[in-house]
Amino acid sequence: MTQTVITGSGLYTPPNSATNEELVAAFNKHVDLYNQKHAAEIEAGDLEALQYSSEAFIEKASGIKSRYFVDASGILDPERMIPNANEGTWVEDKTKMSQMIMAIEASEKAMEEAGLQPEDIDLIVFSSTIMQQHVPSMAITLQSILGTKGFAYDTQMACSSATFGLAQAESFIKSGMAKRALVVTAEYLSPLMNYKDRDSHFIFGDVGVATIVEREDLMKGNKGFRMVSSRLHTELSENITAYWSFVSRLTPEKIDDSYLYFKQEGRKVFKELLPMVIGLIGDHLEENDLAASDLKRMWLHQANINMNLFAAKKLLGRDPSFEEAPTVLEEYGNTGGAGCIIAFDKYHDDFKAGEKGILCSFGAGYSIGSVVVEYIKK
Ligand code: CO8
């Protein structure tokens, strides 16, 4: 049977960042400006005063201390609270598109780790929460910039973009339609966020990740993570939404309405999604005659530290060590579909042949993607 192997990964970290302190200072200044501007309506009881955000809450509720942004200056400007577009003339030069910059660097690093040249790749799956450009696709544009062969296409699966992309690459390779795939998740999420929303202004950061999936018998290098088994699951929920769409321009007067941007019922997500995730991982491992204790590592979705610790503890029956379930939330925040791959990229060099791990994403959709891997060395 054809086997597939993850032979490389790459991470692009944007040059700008914001700590909780910086983000909360800008948010609270915005609250002051808003409350001053609307003092009379607030006084008359016609409008509710906005409340301050707090660093202590953010760190305790999410485990996030900072996050990276393509642009932080617009987000930290209390009069603006929207990222600035700093990409110049990207329509004429696609290598200057913010999302493409992330994709190119992450892809180059992944190809380098796998020992591949662009012409060795015959499939690009550009799988991200959002696409900066729809026509032509981001994937085909990236294909032309890098010089890869074969075919390339875009797909979107929010929090599970990377794992769904990996499973698609695996399927294409197993079917014989491709030999070597580049899976790219470039999460340029900040333009989709509402930095005036106290409940969610601290959650997300921008980042780019990429992985290489090769047919095992054609591997150029001598090591990698064999994809033992993949499982995908979706189930509709409106507890995480961002209704932004190409039809938003038809009602320009509503362009700033909060329903267009990221919104969630965090508690409900926590309560509904976690049992699904724990159940799916448990079943997935059982199908493969594995227990959580057989895994060296769980590279879990990075949305919330409490969620990750809860899931890992339930699966293991005890508290996980950092090595068993590493988190990158403190530095990167929630990076949508990229989170589990950041954790994988940073924490996979210590594997020995035969050791196993699981990549698992979960979130908006709802969507869950689970990939069991085994380290191989030839
Ligand atoms: N500062 C101070 N207080 C605050 C703040 C703040 N910034 N925000 C809320 N509070 C207050 C609330 O008002 C509330 O007050 P009260 O008790 O008086 O009503 C109190 O703090 C507690 O609020 P919550 O119950 O909301 O707090 P939680 O402890 O639940 O923490 C979290 C909130 C962090 C959001 C948490 O619920 C969580 O992380 N849940 C899981 C959510 C999750 O995993 N979502 C998946 C995210 S989606 C994803 O990962 C990728 C999506 C890709 C983009 C998709 C675009 C559509």
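This is a predicted model: local features need pLDDT of at least 70, side-chain atom pairs count only at pLDDT 80 or more; totals for chains, interfaces and linings use all residues.
Colleague: What makes Cys 360 count as buried?

Modeller: Its relative accessible area is 0%. Buried means under 20% relative accessible area, exposed means over 50%, and partly exposed is in between, with a 1.4 Å probe and protein chains only. Cys 360 therefore falls in the buried class. Cys 159, at 10%, is buried too.

Colleague: How do you know that Lys 65 and Glu 59 form a salt bridge?

Modeller: The N to O distance between their side chains is 3.8 Å. The rule asks for a side-chain nitrogen of Lys or Arg within 4 Å of a carboxyl oxygen of Asp or Glu, so this pair passes. Glu 59 is partly exposed at 39%, and Lys 65 is partly exposed at 37%.

Colleague: Which parts does the pair of Lys 65 and Glu 330 tie together?

Modeller: Their closest N and O atoms are 3.6 Å apart, a salt bridge. Lys 65 sits in the loop between helix H3 (55-62) and strand E3 (66-69), and Glu 330 in helix H9 (residues 329-332), so the bridge links parts 265 residues apart in sequence. Helices (H or I, at least four residues) and strands (E, at least two) are DSSP runs, numbered from the N terminus. Glu 330 is partly exposed, at 47%.

Colleague: Why is the contact of Glu 105 with Lys 109 called a salt bridge?

Modeller: The closest N and O atoms are 3.2 Å apart, which is inside the limit, so the name applies. Both residues belong to helix H4 (residues 98-114), four residues apart, or about one turn of the helix. Glu 105 is partly exposed at 32%, and Lys 109 is partly exposed at 37%.

Colleague: Which residues do salt bridges with shared partners join into one network?

Modeller: Glu 59, Lys 65 and Glu 330. The rule gives 16 salt bridges as its count.

Terms used. Residues are numbered from 1 along each chain as its sequence is written. Side-chain values use heavy atoms; hydrogens and water are left out.
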